[in-house]
Amino acid sequence: MAQASFLCLLLFLFVFCTSSVTMAKKSGDFIRTSCGVTQYPDLCFESLSVFRSKIQQSPRQIAQTALHVSLSRARSVRTYVSTMTRVKGIKGRDLQAVKDCVDNMGDSVDRLSKSIKELGEMSKGKNAASDFMWHMSNVQTWVSAALTDENTCTEGFTGHGKNTNYRIGIRRRVTGVAQVTSNALALVNHFAAKHY
């Protein structure tokens, strides 16, 4: 009897582990394929594959997760750039560019937050095509505007002054956020296109 129970347990574990590995592989394949529509597919896969159990094979969930990744990084960069306003030696046009960048990143955070909320609300409401299109239009507009905010921030550090470490650091960080936001927008657009 004990031997039969042990064999049943082993069989269960084998089936469970095999199906978990298969599901993880399918989720990983889904993420890699989905990231193929983005401008930065390797970054897309790297930033989203850690969420494969949450994403599974859902176009809505991959778009939602990409927005969360973008929001998290935008918040982090906003905090970093905000600390740069207190660095001694940054003054004049450069200080104004840093302050403008803080505002731009704040706007980006707000727009990405609205996008996440709007995409989440879609699953709660009526599923009429016109409702879907209206919600998706809002999400697409806000994510696009967030990307514009991020690009505007980096433009504030081109064309004048020396290429100092803080300018390079800000540009590098904001460019990283813009890349994940671009990927999120591509995944949102891909999700929307499947439902129009």
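How are H6 and H7 oriented to each other, roughly parallel or roughly antiparallel? I took this up as the opening entry, keeping in mind that the model is predicted.

**Entry on the helix pair.** I looked up the axes of helix H6 (residues 129-155) and helix H7 (residues 165-195), and found that they come within 9 Å and cross at roughly 165 degrees. Angles over 145 degrees count as roughly antiparallel, and H6 and H7 are therefore roughly antiparallel to each other. I then checked the handedness and noted that H6 passes H7 in a left-handed crossing. Sorting the contact of H6 with H7 by class, I recorded 15 nonpolar, nine polar and two charged residues.

**Entry on the whole chain.** I went through the secondary structure and listed seven helices and zero strands for the protein chain, which reads along the sequence as α-α-α-α-α-α-α. I noted that 39% of the 196 residues in the protein chain are buried. For contacts with a separation of 6 or more, I found that 73% are between residues 24 or more positions apart.

**Entry on the core.** I turned to the largest nonpolar core, which has 48 residues, and saw that Leu48, Leu67 and Ile170 touch the most other members. I listed the elements that give two or more residues to this core as helix H1 (2-35), helix H2 (41-48), helix H4 (59-84), helix H5 (92-122), H6 and H7.

**Entry on leucine 48.** Leaving aside its neighbours within four places in sequence, I looked up what leucine 48 is in contact with, and wrote down Ile31, Cys35, Ile55, Ile62, Thr65, Ala66, Val69 and Leu187.

How values were computed. Residues numbered from 1 in each chain as written. Predicted model: local features only at pLDDT ≥ 70, side-chain atom pairs only at ≥ 80, totals over all residues. Heavy atoms only, no water. Axes fitted to C-alpha atoms, helices over the stretch in contact; angles between N-to-C directions. Helix = DSSP H or I, 4+ residues; strand = E, 2+ residues; numbered from the N terminus. Parallel < 35°, antiparallel > 145°, perpendicular 65-115°, else oblique. Left-handed = near helix turned anticlockwise from the far one by under 90°. Nonpolar A, V, L, I, M, F, W, Y, C, P; charged D, E, K, R; others polar. Core = buried A, V, L, I, M, F, W, Y, C linked by side-chain atoms within 4.5 Å. Buried < 20%, exposed > 50% of the residue type's maximum accessible area, 1.4 Å probe, protein only. Contact = heavy atoms within 4.5 Å.
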